[in-house]
Amino acid sequence: MAMERERLEAEVLIIGAGPAGLACALHLANLVEQHAARNQSAVLSTENIYVVEKGREVGAHQLSGAILDPRALGELVPDFEKSAPLDTPVTGDAAYYLTQRSAYKLPITPPPLRNHGNYIVSLNKLVKWLGGLVEKKGINLFTQFAGRELIYEKDGISGVITEDKGVDKNGKPKDNFTPGYELRAKVTVLAEGPRGSLAKDLTARLKLDGFNPQVYGIGIKELWEVEAGRIETGYVAHTLGWPFPSDLYGGGWIYGLRDRRVSVGTVVGLEYKNPLFDPHEAFQKFKTHPFVRRILEGGRLVRYGAKTVPYGGWYSMPRTYFDGGLIVGDSASLLNSQRLKGIHTAIKSGMLAAEAIYEALSAGDTSARKLSAYQQKIEQSWLKKELWEVRNFHQGFHGGLWTGLVHAGFQFISGGRGLVDPMRTRAGYQDYEKLSGRGESVESPTRFKGDGQLTFDRLTDVYHSGTRHDEDQPCHLVVLEPNVCGDRCVREYGNPCQYFCPAAVYEMVREKGETRLKINAANCVHCKTCDIADPYQIIQWVPPEGGGGPNYEGM
Ligand SMILES: Cc1cc2nc3c(=O)[nH]c(=O)nc-3n(C[C@H](O)[C@H](O)[C@H](O)COP(=O)(O)OP(=O)(O)OC[C@H]3O[C@@H](n4cnc5c(N)ncnc54)[C@H](O)[C@@H]3O)c2cc1C
């Protein structure tokens, strides 16, 4: 029997309060004001714009490096430098190739890694600030609400149902049970970030996939407070090489922030061959390199987090418009993977979406045909130019680091074309090699423990992510065929979920002579790696009760 739900009607509904969603909301409000100033009748009032965000507060789920290219922010908020929380301008940058013991500085910093004119920021703080601007405009911003299920209508959508609150782990209502809301809107914008659970469902149902499937990397980051004099404020270093094998796409960074804070992290393409590769362990090893160690040693870990990055670029972009809706930012694969920058592209896409929405509402037509103006606007803007120049970048690394660099060189001199254009790719989980083929087996896996000072095990790191979930709720990591885990997956791949999950959510336990999967869902940092990297594609990440998840304060 269908549950009775409170129904709310908006003109525009935005799911996700990241840079893309908030830029869309704020730019819509700016357009409303600009039209009012010209005495044109309003097609929209700001209280009819709703934004829903699953984090406990705006910014709680924001994790990024983060170096901000201010181009789009300057278009959205022209005087942003007066009030935005910009930690520090970049004062110098360098790129290094690491071997286990040495760091070789490249004689010149490759152009994509040059950051003159950019800022190092905490995305958590920047997004909180943007959220404040959005709320000042009278837009309704609801935190602690997750969009759980889209309301489908013919060839499109007309809103979302938020998650039911107060359901116990067996699916039974608790005393505080509240059914989710039915939020209806003329236009719904999916701004869920990488591997959005709603966007994934929608892309499959409406067959929106682009030329290539979406592919991802996983970024793991720690924020440190270090001893004085260890790194210059505003200094940016990027690394290639150790501890990553050369058949794998991976690199590291270390950025000097104000107040002796340091952002340190690694990113790895989720398309490696070895199913036992452990991105968290690789990150911990990275910190033991003399180049990184000398900066961190004697300092203290402040925060930890992990999140996926959409690496596919232009050729992985799904169709971004459909009846009653649009997809923006990371959810639409609009990140420049060569520069590892997606904040400015997310903001720009949100703004272009706002312009298309405003025009559609003015014309009283929110069909796919009318909303396709969004895609045209992308194609006519600098967003296309920037992404087009790197359209084959990530695919070029499929054969490993060295062939990737050769491809990158040819692409650089040919405006992105390179040796093959367009370059095909496939979903990363298809690249795993079976253990039998690698001559490996997993009898009793040993897990990285860390020294508790410079390096840490997963649970210590999860503790530093501020993650919190009500444990008495249905598991939000839905394994569609649990028998596969204890049987086929053990033999074929050695249960990679235990290794790729950076939050110790997945554990294989032996009970009564059988091996079974135990899911510690309360640890989940919402990175979505499991949904992406599971070899059988049987793990489905769905949003838990709103307000749960990490708290990336200052990250
Ligand atoms: C480790 C790492 C380092 C990076 N470094 C840089 C960098 O230095 N510079 C740079 O420019 N970019 C960087 N990026 C990329 C950048 O952070 C993203 O491109 C950018 O944040 C994308 O913005 P977005 O709004 O599309 O998505 P997100 O920032 O992911 O925001 C999406 C929001 O939607 C919410 N949400 C998701 N699903 C739902 C739902 N169903 N219901 C309600 N809410 C939902 C999430 O909680 C989140 O708050 C980095 C990314 C990572 C992971």
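Begin at the start of helix H6, where a side-chain oxygen of Asp-278 comes to within 3.0 Å of the backbone nitrogen of His-280; helices (H or I, at least four residues) and strands (E, at least two) are DSSP runs, numbered from the N terminus. A polar contact, the term used for such pairs, is a pair of N or O atoms within 3.5 Å, where within protein one must be able to donate a hydrogen and the other to accept it, and residues adjacent in sequence count only if both atoms are side-chain atoms. This is a predicted model, in which local features need pLDDT of at least 70 and side-chain atom pairs count only at pLDDT 80 or more, whereas totals for chains, interfaces and linings use all residues. For your selections, residues are numbered from 1 along each chain as its sequence is written, and side-chain values use heavy atoms, with hydrogens and water left out.

Among the buried residues are Phe-283, Gln-284, Phe-286 and Lys-287.

His-238 has Trp-253 in S16 as its bridge partner.

**The loop between S15 and S16**

Follow the chain to Pro-243, which lies in the loop between S15 and S16. A cis peptide bond, with omega about 5 degrees, joins Trp-242 to Pro-243.

Tyr-249 and Tyr-311 form an edge-to-face aromatic pair, 5.2 Å centre to centre and with 85 degrees between the planes. Rings of Phe, Tyr and Trp (its six-membered ring) pair if their centres lie within 6.5 Å, and planes under 30 degrees apart count as stacked, over 60 as edge-to-face and the rest as tilted. Because Tyr-249 lies in the loop between S15 and S16 and Tyr-311 in the loop between S18 and strand S19 (321-322), the pair ties together parts that are 62 residues apart in sequence. Tyr-249 is buried at 15% relative accessibility, and Tyr-311 is buried at 2%.

**Other aromatic stops**

Select Tyr-272, Phe-277, Tyr-432, Tyr-493 and Tyr-536 together to display one aromatic cluster. Then centre on Tyr-152, where Arg-205 lies over the ring face at 4.0 Å from the ring centre, and on Trp-388, where Lys-384 lies over the face at 4.6 Å from the ring centre. A charge sits over a ring if NZ of Lys or CZ of Arg is within 6 Å of the ring centre and within 35 degrees of the ring normal.

**His-469**

Move to the loop between helix H14 (458-463) and strand S21 (477-479), where His-469 is found. Is His-469 buried or exposed? His-469 counts as buried, at 11% relative accessibility. Its side chain makes a polar contact with the side chain of His-526 (3.0 Å), and one of its side-chain polar atoms lies 3.0 Å from the backbone oxygen of Ala-522.

**Backbone details to finish**

Most residues other than glycine have a negative phi, and most peptide bonds are trans. Select Lys-512, in the loop between strand S22 (506-511) and strand S23 (514-519), where phi is positive, near 45 degrees; Lys-512 is exposed, with a relative accessible area of 87%. End at the peptide bond from Asp-421 to Pro-422, which is cis with omega near -5 degrees; Pro-422 lies in the loop between helix H12 (401-413) and helix H13 (435-438).

Terms used:
Pairing = 2+ DSSP bridges. Buried < 20%, exposed > 50% of the residue type's maximum accessible area, 1.4 Å probe, protein only.
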